[in-house]
Amino acid sequence: MAEFGKIIAPSLKEVCVQEILTRILSGELKPGDRLPPERELAEAMGISRSSVNHGIMELEAMGFLSITPRRGTVVNDYRTHPTPQSLAAVMRYSRAEMEQSLFSDLMATRLLIEVESARLACRNIYDTTLKKMQLLVNELAQEPKDPTEILYRFHYLLTAASGNSVYSMIYRGFETVLCTLIRQHYSMRGEDIKESARLHGELLDAIIRKDEQAAQELARRILTQGITVLQERYD
């Protein structure tokens with residue numbers, strides 16, 4: 001019989017951290033905004049003032065908040081002064097709502113890494129990786145209702161095929177937020193799956209032909225398709 005492990009529920013402090021962090025990363029709370037006093041936050045969230053205090057101190061250590069005497073708690077611009085903890089928080093973010101400049105920066109980084117990975121894959125891809133990517137293209141061609149896992153896996157293998165281990169590590173690190181955005185794209189425009197399957201097949205063909213220019217252009221077209229759809233949320 002299978003053994004079950006103990007379920008550990010998040011503490012009230014962790015719930016407080018996630019609540020405030022979500023409001024910051026979604027853009028609801030902006031740099032320079034002041035948080036209500038801890039007493040008011042505790043009453044609004046239905047938790048103790050101690051939990052709020054510890055949560056705020058943790059967010060300050062992560063670089064998202066500043067606690068200033070006589071001014072209170074203010075939201076930092078974590079993009080200008082990032083910390084390893086703030087980057088880790090963005091990597092773990094699992095909500096479709098995202099502050100516009102963060103979304104733009106994330107997509108620009110993805111374009112840089114994946115377009116270059118497509119070029120390098122023409123030189124460095126292994127046969128085993130190629131076969132795995134072909135299987136994923138075949139699955140995508142079946143137009144699954146939710147292609148998130150297939151697409152995430154394909155693009156992760158693309159970065160791995162580049163031969164640059166840092167590219168694949170960065171992509172893997174952003175798995176949660178990237179999967180959230182991929183799922184959001186196809187929930188908004190499910191009809192894009194057919195076109196996406198075609199483009200991914202053409203990208204793989206370009207890599208097989210070792211046509212670096214075509215591979216780069218196709219990678220850019222694939223990503224631009226998703227970026228354009230998701231950008232509609234802000235327009």
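Ala, Val, Leu, Ile, Met, Phe, Trp, Tyr, Cys and Pro are counted here as nonpolar, Asp, Glu, Lys and Arg as charged, and the others, Gly among them, as polar. The model is predicted, and local features were required to have pLDDT of at least 70 and side-chain atom pairs pLDDT 80 or more, whereas totals for chains, interfaces and linings use all residues. Residues are numbered from 1 along each chain as its sequence is written, and side-chain values rest on heavy atoms, with hydrogens and water left out.

By these classes, the lining of the largest pocket comprises 7 nonpolar, 3 polar and 2 charged residues. A pocket is an open set of points on a 1 Å grid over the protein atoms alone, where a 1.4 Å probe fits, with protein on both sides within 12 Å along at least five of seven lines, and its lining residues have an atom within 4 Å of a point. The space in the largest pocket amounts to about 290 Å³, a volume being the space filled by probe spheres set on the points, which are joined across faces, edges and corners. Two or more lining residues come from each of helix H4 (84–91) and helix H5 (100–124), and H5 gives the most, with 4 residues; helices are DSSP runs (H or I, at least four residues) numbered from the N terminus.

The second largest pocket has a volume of about 160 Å³, and its lining includes Glu19, Ile20, Arg23 and Met45. Helix H1 (12–25) and helix H2 (38–45) each give two or more residues to this lining, with H2 giving the most, 4 residues.

Across the whole structure, 4 aromatic pairs were found, rings of Phe, Tyr and Trp (its six-membered ring) being paired if their centres lie within 6.5 Å, with planes under 30 degrees apart counted as stacked, over 60 as edge-to-face and the rest as tilted. The ring centres of Phe103 and Tyr234 are 5.5 Å apart and the planes stand at 40°, so this pair is tilted. Phe103 is buried, at a relative accessible area of 1%, whereas Tyr234 is partly exposed at 23% (buried means under 20%, exposed over 50%, partly exposed in between; 1.4 Å probe, protein chains only). The charged end of Arg233 sits over the ring of Phe103, 5.4 Å from its centre, the criterion being NZ of Lys or CZ of Arg within 6 Å of the ring centre and within 35 degrees of the ring normal.

Tyr152, Tyr156 and Tyr171 form one aromatic cluster, and Arg172 lies over the face of Tyr156, at 5.1 Å from the ring centre.
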